[in-house]
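Here is a briefing for a first look. Start with the sequence and the structure below.

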Amino acid sequence: MKIGERDFRSIWTEGDDVRVIDQTKLPHALEIVSLPGLDEAARAIADMWVRGAPLIGATAAYGMALALRRDASDASLANAYETLHATRPTAINLRWALDRVRHAVGKLPRQARAEAAWRLAAEICDEDVATNRQIGENGLALIETIARAKKPGEPVNVLTHCNAGWLATVDWGTATAPIYLAHDRGIAVHVYVDETRPRNQGAGLTAFELGNHGVPHTLVVDNAGGHLMQHGLVDLCIVGTDRTTAEGDVCNKIGTYLKALAAADNGVPFYAALPASTVDWTVRDGVAEIPIEQRGGEEVSHVLGMNDHGVVERVRISPETTPVANYAFDVTPARLVTGLITERGVCDASAIGLAGLFPELARRR
Ligand code: MRU
C-alpha cells in the first residue's frame, strides 16, 4: 500500500537487511528501522515497532533467520524460538510462524539452515499478501450485497476496531482488505474508525492508512459504536483477530467484545477477517483458554500525541496515585460473530464452519 507516492509493505528486505516501519512513531513520523539480528527483531515485536498478528509472525520468521545467520546450532535455534515466543502472548501467528520455521530448518544440516529460514520468511510474507488479498475478495461480496440495497452514491458504512490494516499484516490487512478492494472498484464505502485506547491504533494507524488510500473515514471514540448502531449509521462491523478458537471465539483488541454486543443488540452483522494462521486449533473456549496480554499502566494513565508546535509528547490524564489495569485483548464469543471472512471463503463462527473450510487443519487438532 502507499504512503504518499511510495509503495510499501510493512516488512521487507534490502540485500541482507530486514526493514520495518517503526509504528510507534506513526502517524507523526515515518521512521524505517533495520533489524540486524535476533535481539532487534524480538525488541521490534515486544516494543510494538511492529504489531498486528500476521506481521508479528512475519517478523518472528525473519528473527529466526537472523539468529541462524550468526549461529546455526541447535542451541541457537532453540534460543531464538524461546526469545521470540516470549515477546507477546496473545497473537497465535507468532507461534505459528516460529513452529513453521523450526520444523522446516531443524532437520537440515547446519550450513543450510540460515538460507532456508530466510527463504521461508520471505515465503511467509508473500503468502500473507496473497492470503489477505483473497480475504479481501471474499469480504468484498458482503459489502457488494449491502451496496446493492443502497441508493446510488450512498456509502456502505463499516465500523472497525484497532488496526487490522496493511500495517498489521505484510500488506492489504485483513479487516481492511475488503474495504480497500471495494473502494478501488468504485463502491462507495465509509469507515467509522474506533480510536482504540489505550494505544490508539485506530486513530494513529487505521486512520493514517485509510487517509493515504483515499478511503472516506471518520474517527470516533471507542464508546461511540453503540450509539452509531442504534441510529442506523453502521451497516457492517469488520474486525481483525489475534487468535480465533477452533469453535469460532474471536480474540481481538480490548473493546471488540463490546462492539459485538452492540452489533447483536442492533441487528448489525459482525464479522472477523482472518487467515487460517490465526486459528488456534488447540483451543476451544476462548474466554477460558486464551492468554490475554496485560501491559504497562502508563499506556492507560497517559496519552501520547503531537502538540500544536509539532512536538510529540506524553501527558498524564489520571492522578499519579490511581491504580491502573491494562488488558490488551478480549474475547468475543462465537455466538456474537455473524461469520468469519477467510482466504477460503466466509463461514459460520463455529467448529463446523471452520472445519468445512479447513478440513485438513481441523482434523489435526
Ligand atoms: O496490540 P496490537 O496492535 O498488536 O493488536 C492488533 C490487533 O488487535 C489486530 O486487530 C489483530 O492483530 C488483527 S491484525 C490483522
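The notes that follow cover helices, the ligand shell and the backbone.

This is a predicted model: local features need pLDDT of at least 70, side-chain atom pairs count only at pLDDT 80 or more, and totals for chains, interfaces and linings use all residues. Residues are numbered from 1 along each chain as its sequence is written.

**Helices**
- Helices (H or I, at least four residues) and strands (E, at least two) are DSSP runs, numbered from the N terminus.
- The axes of H3 (residues 74-85) and H4 (residues 92-106) come within 10 Å and cross at roughly 175°. Axes are lines fitted to C-alpha atoms, for helices over the stretch in contact, and angles run from 0 to 180 degrees between N-to-C directions.
- H3 is therefore roughly antiparallel to H4 (an angle over 145 degrees).
- H5 (residues 110-148) has a kink of about 25°, centred on Gly-139. The bend at a residue is the angle between axes fitted to the seven residues ending there and the seven starting there.

**Ligand shell**
- Among the 18 residues around the ligand, Arg-51, Ala-164, Ala-168, Gly-240 and Lys-253 come nearest. A residue counts as near if its C-beta atom, placed from the backbone, lies within 6 Å.
- Helix H2 (53-70) and strand S11 (250-253) are the elements giving two or more residues to this shell.

**Backbone**
- A cis peptide bond joins Leu-26 and Pro-27, with omega about 5°. Pro-27 sits in the loop between strands S4 (17-21) and S5 (32-35).
- Arg-197 to Pro-198 is also a cis peptide bond, with omega near 10°.
- Met-48 has a positive phi, near 65°.

How values were computed. Angles under 35 degrees count as roughly parallel, over 145 as roughly antiparallel, 65 to 115 as roughly perpendicular and the rest as oblique.
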